Amino acid sequence: MFRRILIANRGEIALRIIRACRELNVETVCVFSEEDRGGEYLDLADRAICIGAAAPRESYLKSDRIIAAAEVSGSDAVHPGYGFLAENAAFAEKCRACNIEFIGPSAESMRLLGDKASARTVAKKAKVQIVPGSDGVLEDDNETLQVADRVGFPIMIKASAGGGGRGMRVVHDKTDLLATLKQAKQEASGAFNNSAVYLERYIERPRHVEVQIIADHHGNTVHLGERDCTLQRRHQKLVEESPSPAIAPRTRADLCAAAVKLAKAANYNSAGTVEFLVDVKGRFYFIEVNARIQVEHPVTEMVTGLDLIKAQIRAAAGEPLEFSQKTVTFHGHAIECRINAEDPDEKFRPCAGLITKFRPPGGHGVRVDTYAHDGARISPKYDSLLAKVIVHQPTRPEAIRCMQRCLAEFTIEPLKTTIPFLRKVMEHPHWLSGEIDTGFVERTF
C-alpha cells in the first residue's frame, strides 16, 4: 500500500479521496490554487501545497507543478479524481516516469478508451455493438458529407477527446451540417485543446445507461452493476439511479457482460465506466468509456456496499480485488441528485458567491458528498457542483420519497441552486413512472 498520496484535484472529490485515504491509513497531500486557498477541506489533508493561480491552466492543469509537488512532498502516488488531468495519458506517463504511481488505468488503455473514436474501434473488435458512425475522427468536409449520407440523419457530432456535452451537436439535415461541424470543432478545441470530432447516428429518445467496472493488475475484471443517467440537460447529467427502472433483467446482464468484455479487450486495470444508449426497443449501443472515477460513483457504492475509491487505490498499489463477480451483491435502490450553484430560472446560469447558510439533509439512508459549508465562497472559475445528495432505500418509490424529503430540507443561502428544479423533477409523473429519455428535461421544463 502507498505511504502518501497526492490529490491532484479540488472540492468535493478531493475531500472524498482524503477520507478514503485516512481510512486506509495513507497520508494525503492536497494541491490547491490561489482561488482555493483557505478551503476547509484542505485542513483535513496532512499537507496542502499551492500550485498556481485561479485559472485551471495555471494550476490544476499544470502537470509539471503537480509532479513537482508530489516529488517535494515525497508522495508515492497521484490520485487525479475526475476532470482536470484525470484522463490525460501524457500526465499518467509523466507520473510513472518519475516513479510516482498514477491512480488510474495505464496510459495505453487511457489512449485507447479515453479517445472516443479509438474506443469505438476497440468495441468493434470486441464485438460490442456500437452506434453506426464514422470509423474514426473526421478529416475534412467531404468525408463528413459522405459519412452523413451513409449513416443517415439525424446525426450526432461528438468531440473525440472529451465529454460533458462539450463539442457535441445534433444535426437533422445536410443544410446545417458543415456549419455545425465547425462550431463543434471550435468548442472541442477550447474545452480539450483538441478539435478532433467524429460522427454517429443520433438515437431518438434513448435512455443513457452506464456500467461501473473495476479491474486489478492480476487479471480480475468485475462489473458493479449499472446506473441510469437518462435525466440530463444539454448532455450534462442531473440525476442518476441504480438499478435502472426501465431495462429488462436480460438486457442488464448483457450490458454488464459487454462492459467487462470491452475492459478486458483494452487491458484496463482501474475503476472506469462504460456508457451505453438504450433505444425504445431495448437494444443497446456502446458510446464511450470514462477512464476514471465518476461523479456519480456513490450510487454504485450505496447499492453494493463497496468503497470504490479504496478499491481503486488498492488496485493501483498492486493488490488484487477483495471481491469477485460472484461475491458482489446488489441491495435496494439508490438515487443521486447533483446540486449545482446555478439559477434554473435563468437558463441555469452559474451563480458564484458567498454561502451564508448551508444546511444539508440527513436521516436514514441519506448521504451528502460536499465541500460546501457556512462561509464557503463558491468560485466562478470552476465547475458549479456544490453537493451530491444520495439516498438508498429498499425500493424505488421509497427512494424517491426520501429524495423529495431531502430536497425539501436542503437549505443553501443566498445562492441560487438547482434544488427547486430537482424538486419539480422528483414530483413529475414521467419521472415517477420511469418513462423518460435523454430529451425529457428540454421537452418538459
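The questions and answers below concern selected local features of a predicted model.

Residues are numbered from 1 along each chain as its sequence is written, and side-chain values use heavy atoms, leaving out hydrogens and water. Because the model is predicted, local features need pLDDT of at least 70 and side-chain atom pairs count only at pLDDT 80 or more, while totals for chains, interfaces and linings use all residues.

Trainee: Which residues of helix 6 are buried, and how are they arranged around its axis?
Mentor: Helix 6 spans residues 141-151; helices (H or I, at least four residues) and strands (E, at least two) are DSSP runs numbered from the N terminus. Buried means under 20% relative accessible area, exposed over 50% and partly exposed in between, with a 1.4 Å probe and protein chains only. An α-helix has 3.6 residues a turn, so residues three or four places apart point the same way. The buried residues are Thr-144, Val-147, Ala-148 and Val-151, and seen down the axis they fall within an arc of 100 degrees (directions from the helix axis to the C-beta atoms), so they line one face of the helix.

Trainee: Which residues on the other side of helix 6 are exposed?
Mentor: The buried face includes Val-147, and what covers the buried residues includes strand 6 (155-159), helix 7 (177-192) and strand 8 (197-201). On the other side, the exposed residues are Asn-142, Gln-146 and Arg-150.

Trainee: At the start of helix 6, which backbone nitrogen does a side-chain oxygen of Asp-140 reach?
Mentor: The oxygen comes to within 3.2 Å of the nitrogen. That backbone nitrogen belongs to Asn-142.

Trainee: What is the nearest side chain of opposite charge to Arg-233?
Mentor: Arg-233 lies in strand 11 (residues 232-233) and is buried yet has no salt bridge. A salt bridge is a side-chain nitrogen of Lys or Arg within 4 Å of a carboxyl oxygen of Asp or Glu; Lys and Arg count as positive and Asp and Glu as negative, with His and the chain ends not counted. At 5.1 Å away, the nearest such side chain is Glu-342.

Trainee: Where does Asn-193 lie, and is Asn-193 buried or exposed?
Mentor: Asn-193 lies in the loop between helix 7 and strand 8. Its phi is near 55 degrees, a positive value in a residue other than glycine. At 62% relative accessibility, Asn-193 counts as exposed.

How values were computed:
Contact means heavy atoms within 4.5 Å. A polar contact is a pair of N or O atoms within 3.5 Å; within protein, one must be able to donate a hydrogen and the other to accept it, and residues adjacent in sequence count only if both atoms are side-chain atoms.
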